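Biologist: I would like to go through this structure and ask what stands behind the words used for it. Please show it first.

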Amino acid sequence: MQQHQIDILRSQTVAPQLLFIDGKWQPGTGSQLEITSPADGEVITTIERASRADMQAAIKAARKSFDDGRWANQAPGERKRVLLKLADLIQQNELELAVLGVRDNGTEIGMAIKAEPGSAAGTFRYYAEATDKVYGEIAPTSASFLGLIHKQPVGVVGAIVPWNMPLMIGAWKLAPALAAGNSVVLKPAEEASLTLLRLAELAAEAGIPDGVFNVVTGQGSEVGEELALSMDVDVLVFTGSGNTGRRLLEYSARSNMKRCYLELGGKSANIVFADAPDLDKAALGAAMAIFRNSGQICVSGSRLLVEHTIHDEFVAKVAQHAENLRVGNPLELSSQIGAINSQRQLTSNLEFVAKAKEQGADLVTGGEQILQSLGGYYMQPTIFTGVESHHHLAQHEVFGPVLGVTPFNNEAQAIALANDCNYGLAGAAWTSNLGRAHRMIKAVNTGGMFINTYGGADVTMPLGGVKQSGNGVDKSLHAMDKYINLKTAWIQL
Ligand code: ADP
């Protein structure tokens with residue numbers, strides 16, 4: 001990939017966006033939202049701020065398309081062919097999708113290419129391949145019966161996704177839902193709808209039938225709520241904040257008690273023991289675990305727990321990386337760290353910094369907004385030491401480039417600190433002691449752990465949280481379970 005290819009794509013005008021309902025592009029009956037790039041403040045285009053009636057029309061189209069079996073009743077091999085074609089189209093348009101996404105949400109381009117279209121294509125391919133390989137079961141009932149367990153699609157799936165990695169996270173929901181034969185209504189985040197609208201265009205080109213995949217843009221509190229309150233949506237899948245997750249459960253309870261699968265972020269502990277195999281590698285890992293994509297990643301390692309004997313030396317190494325990272329326009333290949341998604345997010349990050357200072361944590365580096373002359377939103381990679389478990393910074397997700405460091409004396413204390421938090425998404429331990437590594441995997445109460453690394457992005461591994469990080473998993477064949485009902489049949493022989 002060359003900078004000049006990116007430069008051509010970034011200067012392209014983007015037409016005002018419409019809604020994708022029942023296989024057609026339609027204006028909404030609400031108003032429009034202006035889309036401004038967090039990279040440079042450029043007005044990119046407008047999206048529809050759809051009305052509740054628009055959302056109802058999309059749900060109705062999805063329901064009809066499901067009930068008449070135009071997708072669900074196709075041979076699995078046919079659904080597979082269409083989804084593989086969609087994966088190919090995503091790949092063919094990889095750079096265009098990545099640049100569009102970066103203009104919209106500010107992620108550094110190098111990362112966006114891999115994590116957004118790259119991973120979305122792989123995710124569609126993975127679930128396409130699963131389409132004709134998921135079998136029903138015969139239960140071991142008594143000999144006078146035949147007990148069949150069919151795997152049936154649930155019906156209409158509502159998917160609400162966030163702004164940080166919209167294509168990747170969108171694909172995690174859409175691909176297994178569509179592979180299982182469901183119809184979907186997708187509500188992207190206001191701050192990052194453009195790549196998912198483009199995905200709808202590619203999906204139609206690939207041959208997804210009308211009404212099977214709908215995209216309705218707009219406010220979460222309006223169309224998101226309407227989707228979640230619908231009596232005609234069978235399953236709701238969501239990635240976003242805990243506050244919204246809580247609301248979705250309420251909406252479900254107030255409507256048809258639809259199943260809700262929630263991926264709600266984290267406050268993951270990255271635990272470095274003095275016996276880590278390579279402290280330099282661990283320090284780089286710790287820096288990138290929180291500063292990549294400006295910390296706007298749900299599995300970010302935002303709490304760094306360091307064994308007290310190496311604390312000062314280790315923090316100095318991490319701080320060195322933080323200070324050396326090139327923060328800049330995310331569309332420049334030379335930028336290692338891109339923009340903060342919005343003024344709202346930047347303000348919230350700076351409030352975390354102020355509160356950490358107020359509560360007595362020590363600022364080691366960063367803490368300021370920078371590069372105002374670019375016209376976007378940028379912030380220095382920031383590190384605080386002396387963070388205590390009761391501090392705001394130790395308990396709440398910043399979703400920004402702010403790391404809190406806490407020392408520990410022994411393994412038991414490290415585990416206690418790691419678990420002293422309502423979140424339980426991810427975590428890591430750096431150690432050469434094999435027994436300790438396995439003890440940490442068991443004892444730290446999260447959906448996943450990294451050992452001597454931070455991060456890992458393969459569609460074959462499930463991703464999900466425990467405690468207030470949510471329920472259910474994205475990725476892997478296990479994710480298919482969310483989009484399937486088990487239907488039993490007792491046959492008297
Ligand atoms: P963040 O604070 O990171 O933007 P949110 O949870 O607010 O996280 O947003 C994630 C997604 O949830 C977005 O698509 C947003 O529009 C949607 N959303 C926000 N509020 C609601 C709501 N009350 N009902 C349904 N969806 C919502």
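Modeller: Helix α14 passes helix α15 in a right-handed crossing. Keep in mind that this is a predicted model.

Biologist: What makes α14 roughly parallel to α15?

Modeller: The axes of α14 (residues 411-419) and α15 (residues 434-443) cross at roughly 30 degrees and come within 11 Å. Angles under 35 degrees count as roughly parallel, so α14 is called roughly parallel to α15.

Biologist: Which residues make the contact between α14 and α15?

Modeller: On α14 they are Glu 411, Ile 415 and Asn 419, and on α15 they are Arg 436, Arg 439, Met 440 and Ala 443.

Biologist: Why are α3 and α5 called roughly antiparallel?

Modeller: Helix α3 (residues 76-92) packs on helix α5 (residues 109-130) at an angle of about 165 degrees. The cut-off for roughly antiparallel is over 145 degrees, and α3 and α5 are therefore given that name. Their axes are 8 Å apart, and α3 passes α5 in a left-handed crossing.

Biologist: Which residues meet where α3 and α5 pack?

Modeller: Among those in α3 are Leu 83, Leu 84 and Ala 87, and the residues they meet in α5 include Ala 120, Ala 121 and Phe 124.

Biologist: What makes β7 and β8 a pair?

Modeller: A pair needs at least two bridges, and β7 and β8 have 5 bridges, in the parallel sense.

Biologist: What does Ser 183 touch, leaving out residues up to four places away in sequence?

Modeller: Ser 183 touches Ala 62, Ser 65, Phe 66, Gly 155, Val 156, Val 157, Gly 211 and Val 212. The side chain of Ser 183 also reaches the backbone oxygen of Ala 62 at 3.5 Å.

Biologist: Which strands pair with β17, and in what sense?

Modeller: Strand β14 (residues 362-365) pairs with β17 in the antiparallel sense over 3 bridges, and Asp 362 has Thr 385 as its bridge partner in β17. Strand β18 (residues 402-408) pairs with β17 in the parallel sense, over 3 bridges. There, Phe 384 has Gly 404 of β18 as its bridge partner.

Biologist: Are the residues of β17 buried or exposed?

Modeller: Thr 382 and Phe 384 point one way from β17 and Ile 383 and Thr 385 the other way, and all are buried.

Biologist: What makes β5 and β23 edge strands?

Modeller: They belong to an open sheet of 3 strands in the order β5-β6-β23, with antiparallel pairing. β5 (137-139) and β23 (484-492) each pair on one side only. Neighbouring strands of this sheet are turned by 30 degrees against each other on average, direction ignored. β5 pairs with β6 (residues 145-153) over 3 bridges, and Glu 137 has Ile 149 of β6 as its bridge partner.

Technical notes:
Residues numbered from 1 in each chain as written. Predicted model: local features only at pLDDT ≥ 70, side-chain atom pairs only at ≥ 80, totals over all residues. Heavy atoms only, no water. Polar contact = N/O pair within 3.5 Å; in protein donor to acceptor, adjacent residues only side chain to side chain. Contact = heavy atoms within 4.5 Å. Helix = DSSP H or I, 4+ residues; strand = E, 2+ residues; numbered from the N terminus. Axes fitted to C-alpha atoms, helices over the stretch in contact; angles between N-to-C directions. Parallel < 35°, antiparallel > 145°, perpendicular 65-115°, else oblique. Left-handed = near helix turned anticlockwise from the far one by under 90°. Buried < 20%, exposed > 50% of the residue type's maximum accessible area, 1.4 Å probe, protein only.
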